[in-house]
Amino acid sequence: QVQLVESGGGLVQAGGSLRLSCAASGRSVGSSAMGWFRLAPGKGRELVAAISWSGTNYADSVKGRFTISRDNAKNTVDLQMNSLKPEDTAVYYCAAKSGPRRSQPSEYDYWGQGTQVTVSS
């Protein structure tokens, strides 16, 4: 049974930082493509960042501000978010899939429950 559990969300002022963490069980993050998605009110679920054996990719809106990383020993995937903006406010989800990184949510097999990130102006 695969479980993904996110943590680290919260309320932060614009310009601040947060670090989200996704703890995986039942599946190795090192052998999976892992993605961080977000869902904001009135918008569709979008890929923020993804990581796999072949590298990483980011949404244009977060490039230079967010960094995705993984710790194979701890079986976790983190998302370091710096220079946060009010438009980053959303529920952030961790997701996993086999094979290469993809940007479409429908391509991911496993999801966490999400963690709320709120950035005040």
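1. Among the contacts (heavy atoms within 4.5 Å) that join residues at least 6 apart in the sequence of the protein, 60% link residues at least 24 apart. The structure is a predicted model, in which local features need pLDDT of at least 70 and side-chain atom pairs count only at pLDDT 80 or more, while totals for chains, interfaces and linings use all residues. Residues are numbered from 1 along each chain as its sequence is written, and side-chain values use heavy atoms, with hydrogens and water left out.

2. The protein contains eleven strands and zero helices, so that the order along the sequence reads β-β-β-β-β-β-β-β-β-β-β, where strands (E, at least two residues) and helices (H or I, at least four) are DSSP runs numbered from the N terminus.

3. The C-alpha trace spans about 40 × 25 × 25 Å along its principal axes.

4. Of the 121 residues, 41% are buried, where buried means under 20% relative accessible area, exposed means over 50%, and partly exposed lies in between (1.4 Å probe, protein chains only). The protein exposes about 5,900 Å², of which carbon and sulfur atoms supply 47%; these areas come from the Shrake-Rupley method with a 1.4 Å probe.

5. The mean positions of the 13 positive and the 9 negative charges lie 3 Å apart. Lys and Arg count as positive and Asp and Glu as negative, while His and the chain ends are not counted; each charge is placed at NZ of Lys, CZ of Arg, CG of Asp or CD of Glu.

6. Which residues do ring pairs link into a cluster? They are Phe37, Tyr93, Tyr108 and Trp111, and the count for the protein comes to four aromatic pairs, given that rings of Phe, Tyr and Trp (its six-membered ring) pair if their centres lie within 6.5 Å, with planes under 30 degrees apart counted as stacked, over 60 as edge-to-face and the rest as tilted. One of these pairs, phenylalanine 37 with tyrosine 108, is edge-to-face, at 5.0 Å centre to centre and 80° between the planes. Because phenylalanine 37 lies in strand β4 (residues 33-39) and tyrosine 108 in the loop between β9 (90-97) and β10 (110-111), this pair ties together parts 71 residues apart in sequence. Both count as buried, phenylalanine 37 at 0% relative accessibility and tyrosine 108 at 4%.

7. Tyrosine 93 and tryptophan 111 form an edge-to-face pair, 6.4 Å centre to centre with 75° between the planes. Since tyrosine 93 belongs to strand β9 and tryptophan 111 to strand β10, the pair ties together parts 18 residues apart in sequence. Tyrosine 93 counts as buried at 13% relative accessibility, whereas tryptophan 111, at 27%, counts as partly exposed.

8. Glycine 35 lies in strand β4 and counts as buried at 1% relative accessibility. Not counting residues up to four places away in sequence, glycine 35 touches Leu47, Ala49, Ala50, Tyr93, Cys94, Ala95 and Tyr108.

9. Two backbone angles deserve a look. Asparagine 75, in the loop between β7 (66-71) and β8 (76-81), has a positive phi of about 60° although it is not a glycine, and is buried, with a relative accessible area of 15%.
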